[in-house]
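Look over the sequence and the structure before reading on.

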Amino acid sequence: MLIKNATLITWEAENRVLNDQALLIENGHIKETGSTRELQEKFPEEEHLDARGQYVMPGSICAHTHFYGAYARGMAIPGPAPKDFPEILQKLWWPLDRSLDAESIEYSVLPCLVDAIKHGTTTLIDHHASPNAIDGSLDIIAGAVESSGLRAVLCYEVTDRDGEEKMKAGIRENVRFLERTKNPLLAGTFGLHASITLSDSSLDLCRQAVPDNVGFHVHTAEHEADEYDSLDKSSMRVIDRLQKHGILGPKTITAHGVHFDVREIQILAGTGTWLSHQPRSNMNNGVGVAQIESMLRAGIKVCLGNDGFSNAMWEEWKAAYLLHKVHHRDPRRMGGYDVTRMAIYNNAALANVFFSDAPIGQIVPGGYADLIFVDYQPNTPLTAGNLPWHIIFGFQQSMVTTTIVGGKVLMRNRELLTLDEKEIAAKAREIAPKVWDRYQNEVARVM
Ligand SMILES: [Zn+2]
């Protein structure tokens with residue numbers, strides 16, 4: 001396939017914006033780039049996809065999400081509103097994930113995938129929990145992802161909160177999925193819920209179950225409670241404790257890190273462990289603001305995720321850009337280049353940990369053809385230098401018109417080609433009352 005008449009945003013290490021370009025896509029990869037005229041003459045027989053001057057750039061990557069959160073949309077939490085994050089877990093997320101069965105897992109995933117394709121998010125790193133439907137849950141998610149054509153990394157959140165049997169079932173589910181036959185668009189990692197719901201012996205069992213070449217995906221210090229629980233259990237802070245159990249390293253993703261101290265930041269930097277920042281979620285849960293700029297300065301590979309918010313990553317860019325300014329009462333904080341470093345360069349490097357055969361997240365010959373077309377008409381000059389501010393103040397997700405993953409077109413001119421949005425939404429709505437009824441029963445047990 002030849003994409004022609006594109007205004008390319010390459011997102012190479014030295015980003016370039018190039019007019020009137022063409023891209024030859026072959027076997028899921030970008031084979032060649034050049035001027036439209038040159039490549040059209042060279043490959044006259046090739047099927048054409050005309051970008052009509054739109055911006056063509058790598059799709060967005062999400063470093064941390066939860067498809068299972070889809071049924072929380074519009075759901076009422078009975079009784080007084082949760083007053084802090086531990087109560088949000090107790091009254092919202094844990095009763096909700098206990099309410100998921102095979103059918104509702106699938107129909108929590110599919111609407112998120114529709115959202116991702118429409119909004120140009122082409123790689124998603126998910127963190128899944130469904131304590132009453134553990135076995136095979138990752139296959140259900142994988143099946144939905146395969147039907148969408150998107151790229152994803154999956155895992156199951158191991159936790160002690162539902163007893164030893166389910167903790168062990170979570171380990172088995174991760175290991176089973178890691179060993180299953182590989183689809184080139186799917187990868188696995190090993191999920192842990194958080195230090196606060198894992199005993200020393202469970203952490204050791206997880207470590208023993210995982211081959212050395214596989215990393216973990218775990219929430220860390222999202223709320224102070226995680227730190228105080230860790231200090232109670234081990235006289236160590238969360239990151240020190242995870243390090244002692246062999247959880248950290250260049251394949252492990254820690255999410256949040258809102259309450260890290262300086263030593264925890266040093267340990268993450270020293271071990272090459274990834275940290276994913278989710279500003280919309282942190283604001284919504286009122287958990288505080290992570291020291292993201294300090295972490296970047298310390299050399300931590302900080303990425304950007306959405307924690308189950310919409311798969312519209314430019315919204316997360318905007319939240320990151322604004323949150324740190326208001327928190328520090330200083331408009332100089334968290335500049336556009338800091339956001340770009342997380343959302344573009346570090347997210348791409350993280351995705352490459354799991355899909356390591358070719359460059360991802362940049363337009364270079366040989367790279368994965370994960371691309372989006374953006375119909376943006378800038379009212380001022382757009383250059384490689386000022387692009388971050390065009391994205392933050394000008395780009396909207398509604399401007400994404402075409403989404404391509406691994407060379408396959410998933411949406412063309414806003415028409416979804418792999419998933420039927422109306423049918424998925426209708427089926428999800430049909431199941432919702434059953435999920436919400438089970439949730440009411442579950443939440444009654446903890447109130
Ligand atoms: Zn999360």
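How do the residues of the lining of the largest pocket divide into nonpolar, polar and charged? The lining has 14 nonpolar residues, eleven polar ones and six charged ones. The model is predicted.

## The largest pocket

The space in the largest pocket comes to about 670 Å³. Its lining is made up of 31 residues, and those closest to the centre of the pocket are Lys182, Leu186, Ala187, Gly188 and Phe354.

H5 provides the largest share of the lining, four residues.

## The second largest pocket

The second largest pocket holds about 530 Å³ of space. A total of 28 residues line the second largest pocket. Nearest its centre lie Leu92, Trp93, Asn284, Asp307 and Phe309.

Which helices each supply at least two residues of the lining of the second largest pocket? They are helix H2 (85-98) and helix H10 (279-285). The helix that gives the most is H2, with seven residues.

By residue type, the lining of the second largest pocket has 13 nonpolar, nine polar and six charged residues.

## The two linings in brief

For the largest pocket, the main contributor to the lining is H5; for the second largest pocket, that place goes to H2. Six charged residues are found in the lining of the largest pocket, and six in the lining of the second largest pocket.

Notes:
Residues numbered from 1 in each chain as written. Predicted model: local features only at pLDDT ≥ 70, side-chain atom pairs only at ≥ 80, totals over all residues. Heavy atoms only, no water. 1 Å grid on protein atoms, 1.4 Å probe; cavity = no way out; pocket = protein on both sides within 12 Å on 5 of 7 lines; lining within 4 Å. Points joined across faces, edges and corners; volume = space filled by probe spheres on them. Nonpolar A, V, L, I, M, F, W, Y, C, P; charged D, E, K, R; others polar.
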